[in-house]
Structure formats: structure tokens, C-alpha cells
Amino acid sequence: MEPLIHFKEADILNGENVVIYGLDMDIMPGDFVYIVGKVGSGKTSIIRTITAENKLLKGEGTACGYDLRNIRERDIPYLRRSMGVVFQDFQLLTDRSVEANLEFVLRATGWKDRQQIDARITEVLDSVGMGTKAHKMPHQLSGGEQQRIAIARALLNQPKAILADEPTGNLDGETADEILQLLMDLNQEGTAIVMVTHNRSIFEKYPGRVFSCEKEHCEEVVEEGIDITL
């Protein structure tokens, strides 16, 4: 089985500055992986490198079959279609309904048939428990509901992996638990999840593989009970 995401001795940049040296990371299909560490430790820069937003200039890196060092500009949209990204601040288009938000993404990624678009929107909304919210505007939804819509958006093109960057950062504890359970359920169905967080209680309550970013390095934590500085 080939890894969905692979780094070997990769230097991770934030702008022109290296924030993580020599990253080794293999994420396999069906994995649930946390990337943890303090604010500014390079967690989000890893996500941006996976999506080819940040360039990879040193070391090896592949994501969903694309070589991150040599990816062509015209191939970047196809790389991003093979993954779903969920952000802390939802990033829904505020001037249109939930349904129109999802339709915008589908049409932008090549969907044209109206019937197929409607069917896919219904399918992903039902999968995140938002089947009755299609005609709502984002401001009419709670934070948890908006994040569920953001997850539905990430699922539209049946991604191999979902990259979730602090997806519970703006949510209360109970709502955060609901979102984590939803991500765990999606993972059980076969979707790999890569989640950035600095919240220790999350990865203690919902176990998965853990990579800890500290002092310009990011390494997998393989010993149970090892202290992680956050």
C-alpha cells in the first residue's frame, strides 16, 4: 500500500523561512493523524505544503500521487480536488446559501450536470447531518452547523484525505466533540484525516497517530504517555 502523503527529509517553509527541518512522514489510506504543537511551530505550514500552497524545495514530498517538488501549476487544482480542506473559520461564502456554496465548488471543479450536482449536494449534506439546511444562509447557522457544512464541502469530490486545520478552534466544547465524532465516523468509512491542533484534550480523547512539532522539527510520538509540550 502506497502512502497518500509522504515526506522524507523535507524542509517545510513559511514564506522563505524554514520552520521545520528534515520532516519524515507517511500517512496511509484510512489513517487518523494529528499534527500538534504550539502556535507558530509549523503545523499549518505542513498542511500548506501538502496542498502545494507552500513550495517544497528540499527533500521528498508526494501527496495523492503528485510530486510536491516538481508539481506543475496546472496540476495543482487537480491535487487539491483529491483532498478536502477544513478551516478553523469555516470560509463559507456569506452572500449565498449553503446549497449555492456547495454548487460553486462543484462547478469550479468541473461538474456540469444539474441533476448530478443536486444529488451530490443532497448526499454530502445528509452525511454530515445537515440535510435540512440547504437553503439557509451561513449567518443563520451556528458555528457547529457552519463547520458541518465546511466538512460537507470538503467531501464533495470524494477526497482520499481530509486536511482539518484547527477545525474546532472556534467552537465550544460540546460542539467540538460533535465535529470530532463526525471526523472519526468519516475516518471509519475509509477517509484519511490529518488534523492540526494545539488542544491536548482532543487527541487524548480521540486517539490517532500523533506528530509533534517542536524546536523546528516534527516527529511521530510512538511511546504511550510521552509528554508533548503545547
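## A patch of negative charge

Aspartate 67 has a relative accessible area of 35%, which makes this residue partly exposed in what is a predicted model. Aspartate 67 belongs to strand β5, a run that covers residues 66-67. On the surface, a patch of negative charge is formed by Glu9, Asp24, Asp26, Glu60, Asp67 and Glu219.

Glutamate 9, another member of this patch, is placed in strand β1, which spans residues 5-14. With a relative accessibility of 54%, glutamate 9 counts as exposed, because exposed residues are those over 50%. The backbone of glutamate 9 also deserves mention, as its phi is positive, at about 50 degrees, although the residue is not a glycine.

## Positive phi values

Most residues other than glycine have a negative phi. Besides glutamate 9, with its positive phi of about 50 degrees, glutamate 166 is a residue other than glycine with a positive value, in this case near 50 degrees. Glutamate 166 sits in the loop that runs between β7 (161-165) and α6, and its relative accessible area of 10% places it among buried residues, whereas glutamate 9 is exposed at 54%.

Helix α3 comprises residues 98-108, and its buried residues are Val98, Asn101, Leu102, Glu103 and Leu106. An α-helix has 3.6 residues a turn, so residues three or four places apart point the same way.

## Salt bridges

The structure holds 13 salt bridges. Arginine 72 and aspartate 75 form one of them, with their closest N and O atoms 2.9 Å apart. In this pair arginine 72 is partly exposed, with a relative accessible area of 46%, while aspartate 75 is buried at 15%, a value that falls under the 20% limit for burial. Arginine 48 is bridged to glutamate 53, and here the closest N and O atoms are separated by 4.0 Å; arginine 48 is partly exposed at 33% relative accessibility, and glutamate 53 is exposed, with a relative accessible area of 51%.

A further salt bridge connects arginine 209 with glutamate 220, the closest N and O atoms of the two being 2.9 Å apart. This pair links distant parts of the chain, since arginine 209 lies in strand β9 (residues 209-214) and glutamate 220 in strand β10 (residues 217-220), eleven residues apart. Both partners count as partly exposed, arginine 209 with a relative accessible area of 24% and glutamate 220 with a relative accessibility of 31%.

Leaving aside residues up to four places away in sequence, glycine 30 touches Asn187, Gly190 and Ala192. Glycine 30 and glutamate 2 are 28 residues apart along the chain, and their C-alpha atoms are separated by 12 Å.

Threonine 191 occupies the loop between α6 (173-188) and β8 (192-197). At 13% relative accessibility threonine 191 counts as buried, because the threshold for burial is under 20%. When residues up to four places away in sequence are again left out, the contacts of threonine 191 are Asp31, Pro159, Lys160, Ala161, Ile162 and Leu186.

## The loop between α4 and α5

Threonine 132 is found in the loop between α4 and α5 and counts as exposed, with 73% relative accessibility, in contrast to threonine 191, which is buried at 13%. Leucine 186, one of the residues touched by threonine 191, is 54 residues from threonine 132 in sequence, and the C-alpha to C-alpha distance between threonine 132 and leucine 186 is 20 Å.

Key:
Residues are numbered from 1 along each chain as its sequence is written. This is a predicted model: local features need pLDDT of at least 70, side-chain atom pairs count only at pLDDT 80 or more; totals for chains, interfaces and linings use all residues. Side-chain values use heavy atoms; hydrogens and water are left out. Patches are made of residues with over 30% relative accessible area and no salt bridge: like charges are joined within 9 Å, nonpolar side chains (Val, Leu, Ile, Met, Phe, Trp, Tyr) within 5 Å. Accessible areas come from the Shrake-Rupley method with a 1.4 Å probe; for residues, only the protein chains shown count as cover. A salt bridge is a side-chain nitrogen of Lys or Arg within 4 Å of a carboxyl oxygen of Asp or Glu. Lys and Arg count as positive and Asp and Glu as negative; His and the chain ends are not counted. The place of a charge is taken as NZ of Lys, CZ of Arg, CG of Asp or CD of Glu. Helices (H or I, at least four residues) and strands (E, at least two) are DSSP runs, numbered from the N terminus. Buried means under 20% relative accessible area, exposed over 50%, partly exposed in between (1.4 Å probe, protein chains only). Contact means heavy atoms within 4.5 Å.
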